[in-house]
Amino acid sequence: MGIREFYAGVSPSTTALPTTTPPTALSHFTVVDYGVCVLLLVSSLAIGLFYARRGRGQNTVRQFLLANRSMGSLPVALSLLATFQSAVAILGVPGEIYRSGTEYWFLGCSYLLGLLVPAHIFIPIFYRLNISSAYEYLELRFTKVVRLCGTITFIFQMVIYMGVVLYAPALALNAVTGLDLWGSVLALGIVCTIYTSLGGLKAVIWTDVFQTAVMFLGQLAVVIVGAAKVGGIGRVWDVASQHGHISGIDLNPDPFVRHTFWTLAFGGVFMMLSLYGVNQAQVQRYLSSRTEKAAILSCYAVFPCQQITLCIGCLIGLVMFVYYHDHPWAEAQVSSDQLVLYFVMDILGELPGLPGLFVACLFSGSLSTISSAFNSLATVTIEDLIRPHFPEISENRATLISKVLAVVYGLVCLGMAYVSSLMGPVLQAAISIFGMVGGPLLGLFCLGIFFPCANSTGAVVGLLAGLIMAFWIGIGSMVSNMTSRMVSSPLNGTVFPSFGNTTVVSMTTLMPSAGSKPTGLQRFYSLSYLWYSAHSSTTVIIIGLLISLLTGGTKGQPPNPRTIYPVLPRLLALLPISCRDRLPCQEYSEDFSYKTEKIPEKLSNGMLTGRGEEEVVAAPEQGHIQGDHGHSFILQETSL
């Protein structure tokens, strides 16, 4: 089965669309609409060229990959949001609400804790180490081998994903609007490659800001026009309530139920942590902030932005439900991506420019996602794979190589888009790989940050175990569902969030036939997708700790205190002193004593951590050391 047929109506994630004949959306796409799309591409390119010209005299890796650590909290926050909000997410959330009601909205409850932990644990550690790549942390905490494993895993994750996220929305647009498929793919890929390779991270961030505004306007136009056509938001809510589309709180604790409050609100936390805590694309934006406080504020600012975006997506889904309730058509099977596009083109088709605005909205989602991929891949390649082996490389040469790498990954993205066109039903599996890898990487970083007794052997074995478990459950679930399609059973569309750039992808879970319940491996494979990240990251931590203990732990060589977040001492500090005195582990909360000395922390490339030395100031009574940039590091006993 070809990829066109896969999206044209026989894909696993098909939905009954009430239509006699598909709308002739192509006739609605006017010259004005094409002009809006071209304007988006030209504007994005102009921003990149502007920052390329403005930064011509600053040819350093720090300026190109970290925007010279000069960014404010607001543009960084909007860039974080744009990376999260891909084109597939813009199409996926309304489709989920249309099919299953508003229960998916409770995912927003996970945003708070999913952003607080990165803001107060991950960001301070990464920022104070003055690193460029998140995987530099793994060498500082463990060894070069662990850093290499993390880097290769991330590159595999992004290379597989970025071509798919570029191709899939373009294919849906082609099916509904008649917009040239490869013209769209090439235009997006080439424009994104140019402004990413010339302007660096600063250009990527500011184009993300512009593209976020376009995404917001495009979705808002659909809500306003759609609601007006069905009688207003009040009627939308009333009709949706009457037909059971406004979901209540389902407190069922069963992790095998696809969507419950606990699954969305708490399983979603691990998804958020894998995205906003350890994903290189997001970490790189934190590190581009001018101060640590600005980085933390940008993480806080993402929260209301995400809530607004989620609410708009839910509103589009509800308006779409009411619209098709008022305009019943004969049923035809189309993919959920096409379902949203048919609706958008149907209600906006008579208003020149607005269909183009929504397509520009989708283009913005694709551009923001793949530009983040190009930049982050260039960063980890130069910092984790090239510089460790060529430490003598000059700044000018390293910057040039970084720009070439951005171009190379742009070409790889176009190549992967072509591969995606040949993949047929395997396309959904390729998209899902992104999510499968996010959980194990989160577990690897948590193992290093929260467990001082973990060693490099435990980290590598734990990562491999987590990846095996993630792929076993993920691929097993998809194969099981594809097999189950042979049996007549109602469809239950699933929105599958990817955990690195957290992109919502349409997947399908087939509900078991009446009176039957999955057993054995089928039951295991029916685990809700939102628990995948929690399951695989927990696997990494448990296996990593077991292997570390069996291999002697840190063998009397405690890890660098700056790479550890002392959870146990902080928890014990909450207990009354009388209780702490009775505990056998009370010594864990004792402070280290430090003498004034130089502590050069070297990486495998012979370079010092933070490209310099840290001056340790004796402060045993406070348990602090004073580092460069005026940062104060809390040092407490962390040996287990």
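Glu96 and Arg258 are both buried in this predicted model. The two residues form a salt bridge, with their closest N and O atoms 2.8 Å apart. This pair links distant parts of the chain: Glu96 sits in helix 5 (residues 87-100), while Arg258 belongs to the loop between helix 10 (233-242) and helix 11 (261-276), 162 residues apart. Arg99 joins Glu96 and Arg258 in a network of salt bridges.

A further salt bridge is formed by Glu292 and Arg128, whose closest N and O atoms are 2.9 Å apart. Glu292 lies in helix 13 (residues 292-326) and Arg128 in helix 6 (residues 109-128), so the pair ties together parts that are 164 residues apart in sequence. Glu292 counts as buried because its relative accessibility is 10%, under the 20% limit. Arg128 has 23% relative accessibility and therefore counts as partly exposed.

Glu139 and Arg147 also meet through their side chains in a salt bridge, at 2.6 Å from N to O. Both Glu139 and Arg147 are buried. The count of salt bridges comes to 9.

The nonpolar residues come next. The largest nonpolar core has 153 residues. Those with the most contacts inside this core are Phe122, Phe126, Tyr137, Met162, Tyr276, Phe343 and Phe358. A second, separate core has 9 residues, among them Phe64, Leu65, Ala398 and Leu405.

Tyr276, in the largest core, can be followed residue by residue. Leaving aside residues up to four places away in sequence, Tyr276 touches Leu80, Leu81, Phe84, Gly114, Leu115, Pro118, Gln282, Tyr286, Val302 and Gln306.

Conventions:
Residues numbered from 1 in each chain as written. Predicted model: local features only at pLDDT ≥ 70, side-chain atom pairs only at ≥ 80, totals over all residues. Heavy atoms only, no water. Core = buried A, V, L, I, M, F, W, Y, C linked by side-chain atoms within 4.5 Å. Buried < 20%, exposed > 50% of the residue type's maximum accessible area, 1.4 Å probe, protein only. Contact = heavy atoms within 4.5 Å. Salt bridge = Lys/Arg side-chain N within 4 Å of Asp/Glu carboxyl O. Helix = DSSP H or I, 4+ residues; strand = E, 2+ residues; numbered from the N terminus.
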